[in-house]
Amino acid sequence: MVRVLATSLLGAVVLAAGGFPEDGRADKGLTIPKYSQFPATTVPVKRGTPARCRTEADSFSRAAKAFLRPYPSDTDIYRVLARVQFTAFTAHGCDTAVLRKALSRRLSVKQLREVLAFFGFMGQVGRDLARAPQK
């Protein structure tokens, strides 16, 4: 089970980073710090398309919902997946309203506040989402 989730995490990192670099040069970007056994990852900073922003917001909301699964789910993996997607969302200059919409489709206000209490990596965006009414 852990191997499947770790593979999913690697896939999310590759998708968030926009695939594999074609020329091998390192792009400057936002770095997602190492967490437990999960390595640090850098996401290139470049404007995302509206479709990409919606995809990243939807991926984040799925990971946030999965984070709430009761024991014995591995909440660390879902937290890391959410952090990767949030960092990609931020790096691509996506509008917070897109994230708010994706979250409102998947989480109740109570669930959102519960998730945000553990997602300190979201900083001001998380605080704004916790205060703002959904829908």
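1. R106 counts as partly exposed because its relative accessibility is 29% (partly exposed lies between buried, under 20% relative accessible area, and exposed, over 50%, with a 1.4 Å probe and protein chains only). R106 forms a salt bridge with D58, the closest N and O atoms being 2.6 Å apart (a salt bridge is a side-chain nitrogen of Lys or Arg within 4 Å of a carboxyl oxygen of Asp or Glu). R106 lies in helix α4 and D58 in helix α2, so the pair ties together parts that are 48 residues apart in sequence. Helices here are DSSP runs of H or I, at least four residues, numbered from the N terminus.

2. A word on the source: this is a predicted model, in which local features need pLDDT of at least 70 and side-chain atom pairs pLDDT 80 or more, while totals for chains, interfaces and linings use all residues. Residues are numbered from 1 along each chain as its sequence is written, and side-chain values use heavy atoms, without hydrogens and water.

3. Back to D58: its side chain also meets that of R62 in a salt bridge (2.6 Å, N to O). Both residues lie in helix α2, four residues apart, about one turn of the helix. R106 has its own bridge to D58, and salt bridges that share partners join D58, R62 and R106 into one network.

4. Do look at E56 and R52 as well, whose side chains meet in a salt bridge (3.1 Å, N to O). E56 counts as buried, at 4% relative accessibility, whereas R52 is partly exposed at 24%.

Terms used:
Helices (H or I, at least four residues) and strands (E, at least two) are DSSP runs, numbered from the N terminus.
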